[in-house]
Amino acid sequence: MNTVSTLLVCVFGLALLSGGGEIRAEDGYRLETIPFPKGVPPEVGAIGFNPSGELVVALRRSDVLIARPTEDPNQFEWRLFASGLHNACGMHVVSDQEVIISQMPELTRLVDTNGDGSADWYETLNASWGMSGNYHETNHLTPDGEGGYFLAIGTASHNGPVFYNVRGTYSKTGRRGRNYSAASWKGWVLHVDADGVMTPFCKGFRMHNGILRDRNGNLWAGDNQGDWRATTPFYHLKKNQFYGHPSSLVWDPEWDSSRDPLKVSLQEWSAMRTPAAVLLPHDIMNRSASEPIQIPESGFGPYGGQILLPDNNGKRISRLMLEEVDGQFQGACTHFWNENGLNLGNNRVVFSPDRGTLYVGQTSRGWGALAEGVQRIIRTKESVTDILTMSLTPNGFRLRFTGPVPDSVRDPGTYRMKSYRYEDGPSYGGEKLDTIKVAIPKVLRVDDFTVDLPVEGLKDGGHIYELSVDAEGLRSNVFCYTINRLRKE
Amino acid sequence: MNGKTSIALTVAMTWAVGSLGAEERWVTLDNEPLGSPEKPLVLRTYFPDPGLGREVLANHDLSYRARKYSPGKGDVDGFDDPIRGIPAAIGVNFGAGFSYCWDTTECRLLFAWQGGFLKMENYWGNPESGRRKPFAYLPELDGPLIYLARGPHPLVILDDFVESHAPAFSGYRLVDEVPEFIYRLGKATIRVRIVPGEKPMTFLKQYVVEGAKEVAYRETGYRDQIEKETPLTFSVTVTGRLESESSSGELEPEYLTDKPNLEWGKALYTQLGCLACHSTDGTRGHGPTFAGTFGSERKITGVEDPVLADEAYLIESIKNPAAKVVESFPPGYMPPYPIPDDQVQSLVLFLQTLKNE
């Protein structure tokens, strides 16, 4: 670009940009809104960084835009990398010239082969799942670490039709229900290897709008409260397991195709399904889990290694504290971010290459009030005082703080706890059941950073223990621990 | 917004961006996006089905009506009927002159039209509220149809007829901004690029076939003028004409059942497009007549003894037509129809009623 046109872009750039730019702060972090070029609907389907440090954003209507982040959120200069995609939902940036996108119909490799800055080769890597034509069948991807991908393939919604002609195979039985699996592999996680060969991996999902393979190789996905999900769950994924939404069973080669999965008894269903590692109470924590992301070990505050789980239907991002108990993952959740300037529709997330900033892509188009855009949460120099982890002991819960235990939390009167459970079933969402108050008689010092809260009569099988901490100066005040298994020692 | 305002606005916006030195052509909140002859707009989205026959959509599966469902009560009274859309196609627009829809499942051109491109508001939603049209979110074609695919795939690989293959889409390359679609058919790789023709209502399909020895090309229902550079590199000028969008392929609700029945078979004969090639009155077409087929002795290409056209024969001929080709008919012409068993059974019931006249 020559000097004159650069100047023109600078002068008129501000006029072209719409919205955004405001800065909000929450202890230890600052939130900013990044505007898009005027007229471009910022419906963010997927987001990533390329090796040059540019932000890559796929928008749901068509386009993939790229900009180099600037300190001033209003100075992003966007350029077009690719266009023509149908509802891009997942992204893995391979290089400055190559981006992998999962869009509605397929897994696609976008390549700029001639180095002119925009993709000219749109290679279909895999299109083995069906398309019923229902608007709701979105997907997401995570790299498998070996050149292939795990793909989360969402189900259809009864708030929309199917097409008369479908891609893949149609299942009349799979078509029944609130969210349904009318076309091949809806409600599954599929594995596509580096050669593009697909193998089904696990099943039983409603809308697993986000899948993550973490740095230890564990696979995770959330799901959305709804039918067969009394509240928002977060699952540890293992091969061949069934995660509770029955419609997808019609694609299981082991399933008797004459059986209607919605007519399986609750007893049989319960024996088949793998429960969530963490349940996130719908009202206070997370209404619709989207892309999970693992916090860098350093650079983004004290929570390195934990998982953030944005809420696609709330102005919130949840923080998960996972641990292995009796060989299975379970754990607690709290808010990493709640309101304070964050938009609704939090859908996709990525950390900046320097690990100090979390970029959040938002969209909700078609699902209620508009809530779209890109915001970023920047780690500031301020120190953070928080409960780092809530974990289970044989006799209660252990709280580890980000620093020395503050004086304000040494008194048992600071804490309130209740327990409850949910029951999944065919109806949409579910109430809290068996809510009881749980006494916390004392606070025991373990070391300078850690206290134990003894609790009597802990119950397993998915009971949630909700802890409220009434203390000034803590970043997070409400924690919910899901006990699937009790800790024996 | 009508087509004219849309074009005018797009021109104005392009000019405004252009005057700032930027050349970006991103999709905006304008729900009626347009490309240009120099830089066509490529868009993958859901497409309406303006009346394609089943023979064109042979590699798609068919859905049924479904019982309405309530999250609280389960199955409730009433039905949800399917709508006629194309799930996985790609649209290309060259400005007001020419647009087309190419399908990645059938790997063929489905239809072409003039005027504007697509009205996306049903699917992309109202710019202010974001709401899409819940049960009717198909984009609308913004202009009259000039081509609607009919009959089997126009390109046939003649040296590869022993097995029937479903086409497999490999992707597309932008060659001078125009997509060149690439797909595989058995051992062959086919590249095709479609551009507007010089005369009104015409367009060019530029083919390059690799991995095959001999191909045949024929458009059903349109004038096609083929210019061969080599036997496997050729371009076809197709002359379109004004076509009306139709929903004649719409299934009557009473046939939407999973119990095979004669009435359904009769309806499928039309809806699946069998009638394009197979008569019921003994007339010779692209395929053998259905009259008197059932129970007859058939002479099969490459097979010495005649074969009895029993029920198993009819089923095989629907699902895997290349397995037994009646003598004097071209091999590999009919695509396989991977339709559900109850529909196959219904067709067989219908075929069994067709006697020699």
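Reply: Once neighbours within four places in sequence are set aside, B:Gly295 is in contact (heavy atoms within 4.5 Å) with B:Leu308 and B:Ala309. This is a predicted model, so local features need pLDDT of at least 70 and side-chain atom pairs count only at pLDDT 80 or more, while totals for chains, interfaces and linings use all residues; side-chain values use heavy atoms, with hydrogens and water left out. Residues are numbered from 1 along each chain as its sequence is written, and chains are lettered from A and ligands numbered from 1 in the order they're written.

Back to the glycine: B:Gly295 sits in the chain B loop between α3 (262-271) and β19 (297-298), where helices (H or I, at least four residues) and strands (E, at least two) are DSSP runs numbered from the N terminus. B:Gly295 counts as partly exposed because its relative accessibility is 47%; the cut-offs are under 20% for buried, over 50% for exposed and partly exposed in between, with a 1.4 Å probe and protein chains only. From B:Gly295 to B:Phe350 it's 55 residues in sequence and 13 Å between C-alpha atoms.

Now for a strand position. A:Val451 belongs to β34 (residues 450-454) of chain A. With a relative accessible area of 2%, A:Val451 is buried. Beyond four places in sequence, the contacts of A:Val451 include A:Phe397, A:Leu399, A:Phe401, A:Val405 and A:Tyr415. A:Phe401 is 50 residues away from A:Val451 along the chain, yet their C-alpha atoms are separated by 8.5 Å.

Another loop, this time in chain A: A:Glu291 falls between β21 (278-280) and β22 (293-294). A:Glu291 is buried but has no salt bridge, meaning a side-chain nitrogen of Lys or Arg within 4 Å of a carboxyl oxygen of Asp or Glu. A:Arg348 is the nearest side chain of opposite charge, 4.3 Å from A:Glu291; Lys and Arg count as positive, Asp and Glu as negative, and His and the chain ends aren't counted.

Stepping back, chain A has two helices and 36 strands. Of its 489 residues, 63% count as buried. Among chain A contacts with a separation of 6 or more, 58% join residues 24 or more positions apart. The C-alpha trace of chain A spans about 70 × 60 × 40 Å along its principal axes.
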